[in-house]
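Here is a short briefing to read alongside the model. Have the viewer open and follow along topic by topic.

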Amino acid sequence: MSRSAHPAGPRHADVLPEGHALPAPEDLNALDPKVWSLTTKRADDGVVTVAGMDVRDLAREFGTPAYILDEDDLRSRCRAWKQAFEGSDVFYAGKAFLCRALVKWIAEEGLNLDVCSGGELAVALSAGMDPARIAFHGNNKSAAEIERAIEVGVGRIIVDSYEEIARVAFAAERRGVTQKVLVRVTVGVEAHTHEFIATAHEDQKFGLSVNDGKAAEAVRRVLKLGSLELLGLHSHIGSQIFDTAGFEVSARRVVAVLAAIRDEHGVELPEIDLGGGLGIAYTSADDPQQPADIARQLIAIVERECAAANLRVPRLSVEPGRAIAGPSTFTLYEVGTVKHLDGLRTYVSVDGGMSDNIRTALYDAEYDVALVSRASDAEPMLSRVVGKHCESGDIVVRDAYLPADLAPGDLVAVPATGAYCRSMASNYNHVTRPAVVAVKDGAGRVVVRRETEEDLLRLDVG
Ligand SMILES: Cc1ncc(COP(=O)(O)O)c(C=O)c1O
Ligand SMILES: N[C@@H](CCCC[NH3+])C(=O)O
């Protein structure tokens, strides 16, 4: 199990015991390439740079906190997925992080896009994404969202309930079109990840169960409806997964359903989508799989299972989100206060918090953190990096070592925050959400601007 995603419940004692599991790193100035983006480096003067830009200049020009997105890193991950899944389709999962610049990058790199709300669809369309390359997800799409998706011609809708099958069929019929759909099936896999982000066990809201026959009934219904074309089946077992056994079981069970459909209806469905979920390294202790490895395993299983069932091999899709966006970005914060609690730990308060990264509070996620505006030879200091919110659970990094000479005004950065941080950001305490700054070849540009108080007040029309 990953250190970054584990079952809910207390994991750390408030005070780490003697010889605790978090040894101080040998070199506090080192940046582990596993968790930092491709072009992030510590220069000879001790200051960290990304895409050739000094983090102090980034802070001066764009303010803090800021999500600093390394465009070369993100694009190189798109390419790695595209190459690994040659002959299959890669849909980037926009829920991880979505903005217009990113839509353009993934489209240029040959990826398709998975959206799961009308809002995500709107961003994609406004960036000029070809609707035919969009897959529309969601367990409770509204009638208006379905209408719009069909009106603009999204390539596929992943249907998630009986009600939705009827709604999509009706909307397509009214428009006189045939809508391509996949049925989302629940294959009964207990993915090894945090319970909130596992999605293929029986007791949950997503999909239609294979075990209790609801998936088979959904297929029957879709096949009867002339305004729907059943492309195939979809399965997504969860997120931040390191153990690939879950993906393998899922692939095997989905192919078994294809065989059952062939036996019952005499049709061989042309596609399967095995979702996203590949874990990334949040700390040096995490050891994620590479896209090429996961591709090799999945393709081999699907081919083997199809051969055994005497089925044509369907076209495969995958939907990585975190594995593409996550490692590309670090959050840059300025230290505001450093509070030493005798015999306990040091609380380092930064100028953001749970409003820009809810993952620590929500999933007990673990992160790395480093002093980036200078190097330091000071002793390691057990620290908790906390935000500025009115809440004790406002923790960004639960346990980490920072140099003991850390002081207000220093810049610290938390790596691997490109996925599910800006996209889950909030305005708690009326804190404005940070900018996303894309850096490339020695230049930075704002791709999502920082919110202002004016933005907050614009919605307050009372
Ligand atoms: C249907 C679906 N596809 C893809 C993803 C992306 O997952 P991840 O970011 O873990 O790759 C998710 C989120 O878990 C999802 O629900
Ligand atoms: N938001 C979650 C993952 C959910 C994935 C979307 N189905 C996370 O930060 O890990």
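With 12 C-beta neighbours inside 10 Å, A30 falls in the exposed class, because exposed is defined as 12 or fewer other C-beta atoms within 10 Å, buried as 20 or more and partly exposed as in between, with C-beta atoms placed from the backbone. This is a predicted model, in which local features need pLDDT of at least 70, side-chain atom pairs count only at pLDDT 80 or more, and totals for chains, interfaces and linings use all residues. Residues are numbered from 1 along each chain as its sequence is written, while chains are lettered from A and ligands numbered from 1 in the order in which they are written.

**Around A30**
- A30 sits in the segment before strand 1 (41-42); strands (E, at least two residues) and helices (H or I, at least four) are DSSP runs numbered from the N terminus.
- Eleven residues along the chain separate A30 from K41, and their C-alpha atoms are 9.0 Å apart.

**Strand 6 and its partners**
- From strand 6 (residues 112-115), N112 and D114 point one way and L113 and V115 the other, and all are buried.
- In a regular strand, side chains alternate between the two faces of the sheet.
- Strand 5 (residues 89-93) runs parallel to strand 6 and is joined to it by three bridges; pairing requires at least two DSSP bridges between two strands.
- A93 has D114 as its bridge partner in strand 6.
- On to strand 7 (residues 134-136): three bridges join it to strand 6, again in parallel, and V115 stands opposite F136.
- Strand 5, helix 3 (residues 100-108) and strand 6 form a right-handed β-α-β unit, meaning that, with the strands pointing away from the viewer, the path from the first strand over the helix to the second runs clockwise.
- Strand 6, helix 4 (residues 118-126) and strand 7 also form a right-handed β-α-β unit.

**Ligand 1**
- The shell of ligand 1 holds 17 residues, with A93, S239, G276, G321 and R322 the closest; a residue counts if its C-beta atom, placed from the backbone, lies within 6 Å of the molecule.
- By class, this shell has six nonpolar, seven polar and four charged residues; Ala, Val, Leu, Ile, Met, Phe, Trp, Tyr, Cys and Pro count as nonpolar, Asp, Glu, Lys and Arg as charged, and the others, Gly among them, as polar.

**Two domains**
- Domain 1 covers 41-69 + 327-451 and domain 2 covers 71-324, with bounds from an automatic or database domain assignment.
- Their contact takes 22 residues from domain 1 and 21 residues from domain 2, counting C-beta atoms, placed from the backbone, within 7 Å.
- Strand 20 gives the most to the domain 1 side, with four residues.

Conventions: Contact = placed C-beta atoms within 7 Å.
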